[in-house]
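The following exercises concern the structure shown below. Each task is followed by a worked solution.

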Amino acid sequence: MALFDDAWMKGFQEQWNAEPDLAGALQKINFNSVIGYGFPKDDTCTGFINVVDGQVTEAGAYDGRDLSWDMRADQKNWEKWLAKEIGMTGLGPVSYTHLRAHETILPIAYAVICLKSGGGGGGGG
């Protein structure tokens with residue numbers, strides 16, 4: 001399983017949906033987005049998730065659909081975020097109030113929430 005391939009994204013979907021603080025917080029703000037994940041030098045994203053009312057309803061290898069968010073970072077940075085459970089502090093100036101990052105894959109998801117809800121800079125949507 002490679003980072004952001006179909007199997008990895010489906011595992012990410014399971015972890016996202018199993019995290020009540022994450023899905024619940026997103027449901028409260030009616031969060032709906034298609035989020036692509038990948039690397040800056042690639043022409044397209046590698047993987048995607050489709051979030052409807054805070055829950056990931058689809059995930060897999062990127063299929064060319066329109067994105068609300070295009071999350072790109074170098075392999076080294078993705079690996080750092082995934083390996084160290086660094087939480088929100090390592091993702092830059094974002095606010096996360098009551099959210100917590102206790103699983104290694106979730107800091108990436110939390111960055112999306114915080115940028116979408118007004119904390120931090122960059123991103124879109």
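A residue counts as buried when its relative accessible area is under 20%. The model to which this is applied is predicted.

**Exercise 1.** Describe the chain as a whole: what share of its residues counts as buried, and how are its helices and strands ordered?

*Solution.* Of the chain's 125 residues, 42% are buried. Its secondary structure consists of four helices and four strands. Along the sequence these follow the pattern α-α-β-β-β-β-α-α.

**Exercise 2.** Determine whether Asn50 is buried or exposed, and state where Asn50 is placed.

*Solution.* Asn50 belongs to strand E2, residues 47-52. The relative accessible area of Asn50 is 14%. The cut-off for burial is under 20%; therefore Asn50 is buried. Beyond its neighbours within four places in sequence, Asn50 is in contact with several residues, including Ser33, Val34 and Arg65.

**Exercise 3.** Classify the ring pair of Phe4 and Trp78.

*Solution.* A pair of aromatic rings is described by the distance of the centres and the angle of the planes. The count of aromatic pairs comes to eight. In one of them, Phe4 and Trp78, the ring centres are 5.0 Å apart and the planes stand at 80°. Planes over 60 degrees apart count as edge-to-face, so the pair Phe4 and Trp78 is edge-to-face. Phe4 lies in the segment before helix H1 (6-18) and Trp78 in helix H3 (residues 75-84), 74 residues apart. Phe4 is buried at 0% relative accessible area, and Trp78 is buried at 2%. Ring pairs link both into a cluster whose members include Trp8 and Tyr37.

Conventions: Residues numbered from 1 in each chain as written. Predicted model: local features only at pLDDT ≥ 70, side-chain atom pairs only at ≥ 80, totals over all residues. Heavy atoms only, no water. Helix = DSSP H or I, 4+ residues; strand = E, 2+ residues; numbered from the N terminus. Buried < 20%, exposed > 50% of the residue type's maximum accessible area, 1.4 Å probe, protein only. Contact = heavy atoms within 4.5 Å. Phe/Tyr/Trp six-rings, centres within 6.5 Å; stacked < 30°, edge-to-face > 60°.
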